[in-house]
Each structure stands twice: as C-alpha cells, then as structure tokens.
Amino acid sequence: MTDTQVSAGERGAIRIADRVVAKVAAQAAREALRGAREEDGRPTGGPPVRRPVRRTGVTVRERTARVRIGLELGYPSDIGAQCGAVRRRVISRVGELVGMDVPDVALDIERLHSAQLKGDSSGRVT
C-alpha cells in the first residue's frame, strides 16, 4: 500500500439500523421455533402457531445488540427448550449476518395456544 492509499477500515463506517437487526432476530426466532419441534429425541413443541413472533425490539450500542422478542407458543410444550433454541439461534444468526455480539436475548411469552381447545375460536389458554 502506498502513502496515498487508505486502508478499507479507515475509509468510513457502516451503521446498521436497529430495525434491520430486529428483522434478523425475528426471522431467527421463527427458524428456531420451526426447528425446535424435537430436541434430544423428545418432542418440545406444541401445536403449530400461525404467528409465533409477535414483536421484536432491539437496542444497539456500537457492535452489541440487546434483543427482546414477544412470542406465542403452542401448548402443551417444553417452553424452556423452545426458549433455549430461540436464544441460541438469535445469537448465532445476528452474529453471522450482522456481525454483532448479542449478550442478552429477553423472551416474553405472551400467549399459549392449545390444540385441545377446538371450541374456542382463539385457541388461547388463559
């Protein structure tokens, strides 16, 4: 490199919007819930939910993202296993696609849907 050339790292900066990180996190959560139907040979997921990711919020500081996701899950199910799968997938995908560390993934389980409640049009367990 000559004195007049500037290295790539010194030419500028990239800023990734919070909403972009939120979309990546939401997609990763959906992927995790689709894949979490079975873990260690035992079923973990309940009945499928039409819209499992209700909302996603992200706070970004430099190269770190803190994520909060609201979920709807099938019931009965292994909620802990599903939450673990979502956390692992979100951390992995945000790191791979956006290049940010994710030290914190907070999950809010907002609703549980049961296949046994066929007479209840909402399918919600209260």
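**Exercise 1. Find which strands form a hairpin with two residues between them, and check the phi of Glu62 in the turn.**

Step 1. Strand 3 and strand 4 make this hairpin; strands here are DSSP E runs of at least two residues and helices are H or I runs of at least four, both numbered from the N terminus.

Step 2. Look into the loop between strand 3 and strand 4, where you will find Glu62. Its phi is near 55°, a positive value in a residue other than glycine.

Step 3. Glu62 is exposed, at 75% relative accessible area (exposed is over 50%, buried under 20%, partly exposed in between, with a 1.4 Å probe and protein chains only).

A note before you go on: this is a predicted model, where local features need pLDDT of at least 70, side-chain atom pairs count only at pLDDT 80 or more, and totals for chains, interfaces and linings use all residues. Residues are numbered from 1 along each chain as its sequence is written, and side-chain values use heavy atoms, leaving out hydrogens and water.

**Exercise 2. Work out how strand 4 pairs with strand 3 and with strand 5.**

Step 1. Strand 3 (residues 53-61) meets strand 4 (residues 64-75) in the antiparallel sense, over eight bridges; pairing requires that DSSP finds at least two bridges between the strands.

Step 2. On to strand 5 (residues 101-114), which runs parallel to strand 4 with eleven bridges joining them. Here Thr64 is opposite Asp101.

**Exercise 3. Locate the cis peptide bond at Pro76.**

Step 1. Go to the loop between strand 4 and helix 2, where Pro76 lies.

Step 2. The cis bond joins Tyr75 and Pro76, with omega about 0°.
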